[in-house]
Amino acid sequence: MTTPDTKRDEDAVRRYVESLALVLSQIGMQRMSARVFAALMTTDEGRLTAADLASQLSVSPAAISGAVRFLEQIGLVAKEREPGERRDHYRLFDDLWYATFLKRDRMIIMWRDAAENGIEALGEGSPAGERLAEMRDFLSFMLGELNDMYERWHKLREAKNSAS
């Protein structure tokens, strides 16, 4: 943990931001959004202005605008403005991973329900209906497992926070 008397190697931090962004883009995140997310993850405050992000990443404010819009849509960052200020700040959610996967949970429910509708349209006994039934069953199973995992995560987090 960085304390006021601990110095960070800013070159190492910049390299790490780019490294993390590369990994995120390799798994499907838009490149600029990945860079913005990595920058927010590596700031101790967990929040930066668009101008701060543009300066840190050496890009235009327009590039930041598009990236944070995407990150807001997928639930990774929130936009906020301090009273009396004119600049927006972008911050990570406090329970970022839980919130992100909870949003994915809703998408899985929609996907599962769409499979169910397809089964009704195609007929459960047809080859296409059987494929959709397999998809529906897998997604239902996954939702149950995710809910159990969320419960275990919160218990683990509570225990860790209680011990600190």
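Figure 1. The protein chain has 6 helices and 3 strands, which follow the pattern α-α-β-α-α-β-β-α-α along the sequence; helices (H or I, at least four residues) and strands (E, at least two) are DSSP runs numbered from the N terminus. Because its radius of gyration is 20 Å, well over the 15 Å that the globule rule gives for 164 residues, the protein chain is more spread out than a compact globule; the radius is taken over C-alpha atoms, and the rule is 2.2 Å times the number of residues to the power 0.38. The C-alpha trace spans about 65 × 45 × 35 Å along its principal axes. The model is predicted, with local features requiring pLDDT of at least 70 and side-chain atom pairs counting only at pLDDT 80 or more, while totals for chains, interfaces and linings use all residues. Residues are numbered from 1 along each chain as its sequence is written, and side-chain values use heavy atoms, with hydrogens and water left out.

Figure 2. The accessible surface comes to about 10,800 Å², of which 56% belongs to carbon and sulfur atoms, as computed by the Shrake-Rupley method with a 1.4 Å probe, only the protein chains shown counting as cover for residues. Of the 164 residues, 30% are buried, a term that stands for under 20% relative accessible area, with exposed meaning over 50% and partly exposed in between (1.4 Å probe, protein chains only). Among the contacts (heavy atoms within 4.5 Å) with a separation of 6 or more, 52% are between residues 24 or more positions apart.

Figure 3. S33 itself is buried, with a relative accessible area of 1%, and a polar atom of its side chain lies 3.3 Å from the backbone oxygen of A67. Leaving aside neighbours within four places in sequence, S33 is in contact with A67, F70 and L71.

**Figure 4. H89 in strand β3.** H89 belongs to strand β3, residues 89–92, and counts as buried at 10% relative accessibility. Its side chain makes a polar contact with the side chain of R47 at 3.4 Å, such a contact being a pair of N or O atoms within 3.5 Å, of which, within protein, one must be able to donate a hydrogen and the other to accept it, residues adjacent in sequence counting only if both atoms are side-chain atoms. Not counting residues up to four places away in sequence, H89 touches R47, L48, T49, A78, K79, E80 and E82.

Figure 5. M135 is found in helix α6 and is partly exposed at 25% relative accessibility; beyond its neighbours within four places in sequence, M135 is in contact with W111 and A115. M135 and A115 are 20 residues apart in sequence and 6.9 Å apart in space, C-alpha to C-alpha. R157, in helix α6 (residues 127–163), is partly exposed at 28% relative accessibility and, again leaving aside neighbours within four places in sequence, is in contact with D94 and D95. R157 and E18, 139 residues apart in sequence, are 29 Å apart in space, C-alpha to C-alpha.
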